[in-house]
Amino acid sequence: MKSGEVGRLGERLAEVYLEKQGVRILARNYSVHGGEIDLIGFCRGGLLYIEVKTRTGESWGSAAEAIHREKLRRIERAAKEFARAHVSGGKVPVFYGFGLRLLRRVRYQRIDGVEVYLHGDGSLQKINRIEDMGYEIRQHARED
């Protein structure tokens, strides 16, 4: 499998996995100047910005190791823009089946990661969710 195919397959598998855990997917491959987020979801009051990393082996390190500080900053930039565009009055629209759309209160925002490991034939070996990558989504200027 080519790298792009591996990544797309991993994102699809991650989406199914997250939905089974109760996450409602709000957006896929959300991109703004200076940042991109693979999946954006909502679960139990949390607005989740999800980075998916897929591997067919660990020769390049674990999938989580590929989510480095600069990658988290780019996700944060895109997350702030998503929140500006879609969160109003502390609520975000969440879509359910049959065209039902409800405004749900956002109690917190965070960056999660999903590691997807595939066998050489593209079948799923294992999947792991990393809740809260330890990088706060700030609503103010960075104080570095």
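Where is tyrosine 30 found? I checked, and tyrosine 30 is found in strand β1. Before going on, I noted that this is a predicted model, where local features need pLDDT of at least 70, side-chain atom pairs count only at pLDDT 80 or more, and totals for chains, interfaces and linings use all residues. Residues are numbered from 1 along each chain as its sequence is written, and side-chain values use heavy atoms, with hydrogens and water left out.

**Entry 1: the overall layout**

I found two helices and seven strands in the protein. Helices (H or I, at least four residues) and strands (E, at least two) are DSSP runs, numbered from the N terminus. Along the sequence, the pattern reads α-β-β-β-α-β-β-β-β. Of the 144 residues, 46% count as buried; buried means under 20% relative accessible area, exposed over 50%, and partly exposed in between (1.4 Å probe, protein chains only).

**Entry 2: back to tyrosine 30**

Tyrosine 30 counts as buried because its relative accessibility is 15%. I then listed its contacts (heavy atoms within 4.5 Å). Leaving aside neighbours within four places in sequence, tyrosine 30 is in contact with residues including Ile37, Ile40, Ala78 and Phe82. I also looked at isoleucine 75, which is 45 residues from tyrosine 30 in sequence and 9.7 Å from it in space, C-alpha to C-alpha.

β1 and β2 pair in the antiparallel sense over seven bridges; two strands pair if DSSP finds at least two bridges between them. Arginine 24 stands opposite phenylalanine 42 in β2. The two strands form a hairpin with two residues between them, and glycine 34 in the turn has a positive phi of about 90°.

**Entry 3: the cores**

Next I looked for nonpolar cores, which are sets of buried Ala, Val, Leu, Ile, Met, Phe, Trp, Tyr and Cys residues joined through side-chain atoms within 4.5 Å. The largest has 20 residues, and Ile37, Ile40, Tyr49 and Phe82 have the most contacts inside it. The elements giving two or more residues to this core are β1 (24–32), β2 (35–43), β3 (46–55), α2 (69–86) and β4 (91–95). Its largest share, six residues, comes from α2. Apart from it lies another core, of 15 residues, among them Val6, Ala14, Leu18 and Cys43.

**Entry 4: charged side chains**

For salt bridges I needed a side-chain nitrogen of Lys or Arg within 4 Å of a carboxyl oxygen of Asp or Glu. By this rule I got 10 salt bridges. Glutamate 70 forms one with arginine 74, the closest N and O atoms being 3.8 Å apart. Glutamate 70 and arginine 74 are separated by about one helical turn because they are four residues apart in helix α2. Glutamate 70 also forms a salt bridge with arginine 77, at 3.5 Å between the closest N and O atoms.

Aspartate 112 and arginine 110 meet in a salt bridge too (2.7 Å, N to O). Is aspartate 112 buried or exposed? Aspartate 112 has 1% relative accessibility, so it counts as buried. Arginine 110 is buried as well, with a relative accessible area of 14%. Arg110, Asp112, Arg129 and Glu131 are linked in a network of salt bridges.
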